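Student: I would like a close look at one part of this model, namely its pairs of oppositely charged side chains. Could you take me through them carefully?

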Amino acid sequence: MPVTILAIESSCDDTSVAVIKDGVVLSNCVANQEAHIQYGGVVPEVASRAHQVNMVPVLEMALKKAGIHKRELQAIAFTRGPGLMGSLIVGVSFAKALALSLDLPMIEVNHMHAHVLAHFAENPKPKFPFLCLTVSGGHTQIVLVRDFLDQEVLGQTLDDAAGEAFDKSGKLLGLDYPAGPILDKLARNGKPVYPFPIPNIEGLDFSFSGLKTSILYFLKKQLADNENFIKENINDICASIQDIIVTILLKKLQKAAKETGINEIAIAGGVSANSGLRNAFEALGKEEGWNTYIPAFQFCTDNAGMIGVTAHYKYLAGEFCTHEVAPYTR
Ligand code: KG4
Ligand code: ZN
């Protein structure tokens, strides 16, 4: 009998529902919340309320697109954490209500774990063991993936995440939230002419908070000489910021590959949608003889498809959870 799972993702500001049949994503619907732009960042209370409003329409759309009736489902999967508590509570409670009313088992999924397994939504799939650089708005990790349900974090950020580095630098330039994709677009027309320092962090860990400070001081200095500095050089500034973030990420990934001797290498998470990172990762992979894996855009940023794919492997392993399960934020 086919395994059909409905998956819910509500960890931050995107409400997403997907239907997955035998590990294949039939639908992956996302409602983005634009209400946060005016505040320059995600406002947790606004996010939870928007999840509450969006959940039912997104769920109906996901079932309709997949051509699946809710009576055909075998399990309900949901993001348990990490994320914003209010946002998670909406998704977790909704999943519990749905599972109870349909008398279905529940599968809890770790959001970061799911970003990595997004690679199994498509072909070609990485072979175990592989390394995954998971870069999102809240996390930056190098993960050793031994099997679907066996992942070990080898290194991570000590402060800001890579996505935060993009968003906070963009904010300094006056870009809307989230600044990452806007900075990416502007960088395409610029050159990385402004040098920013690479932090000296031991092992496979990262740090991005110093970069934000050096960008701030750089801009202050330039603006004192020319108040139109940002406006006149926006493309080159964006290209320089993107270049340094990508360099920091790939240097550590290269180190991890050398230390582990693994040449199956993947990137995942919202920042893996960045064109500079995608191009530089491909180029480095060619140089180093890696087999590289980059998710399609719909599986980079937050989506329930990746939650469903992860749930599929948990279903096969018999990993279900009870109704007592509560969200976790970190
Ligand atoms: O994985 P994700 O959707 O949500 C979290 O789990 O945090 O990642 C969101 C992050 C944001 O910081 C956003 O600015 C960044 O991913 N992002 C990008 C791009 N697209 C999304 N950063 C740089 N370039 C992009 N094209
Ligand atoms: Zn995410």
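With which residue does Arg-146 form a salt bridge, and how far apart are the closest N and O atoms?

Tutor: Arg-146 pairs with Asp-150, and the closest N and O atoms of this salt bridge are 3.3 Å apart; the term stands for a side-chain nitrogen of Lys or Arg within 4 Å of a carboxyl oxygen of Asp or Glu. The model is predicted, so local features need pLDDT of at least 70 and side-chain atom pairs count only at pLDDT 80 or more, while totals for chains, interfaces and linings use all residues. Residues are numbered from 1 along each chain as its sequence is written, chains are lettered from A and ligands numbered from 1 in the order written, and side-chain values use heavy atoms, without hydrogens and water.

Arg-146 is partly exposed at 37% relative accessible area, and Asp-150 is partly exposed at 32%, where buried means under 20%, exposed over 50% and partly exposed in between (1.4 Å probe, protein chains only).

The structure holds 12 salt bridges, including one between Lys-212 and Asp-160, whose closest N and O atoms are 3.3 Å apart. Because Lys-212 lies in helix H6 (residues 209–225) and Asp-160 in the loop between strand E8 (150–156) and H4, this pair ties together parts 52 residues apart in sequence; helices (H or I, at least four residues) and strands (E, at least two) are DSSP runs, numbered from the N terminus.

Asp-184 and Arg-188 also form a salt bridge (3.4 Å, N to O), with Asp-184 buried at 5% and Arg-188 exposed at 55%. Elsewhere, salt bridges with shared partners join Asp-160, Glu-164, Lys-168 and Lys-212 into one network.
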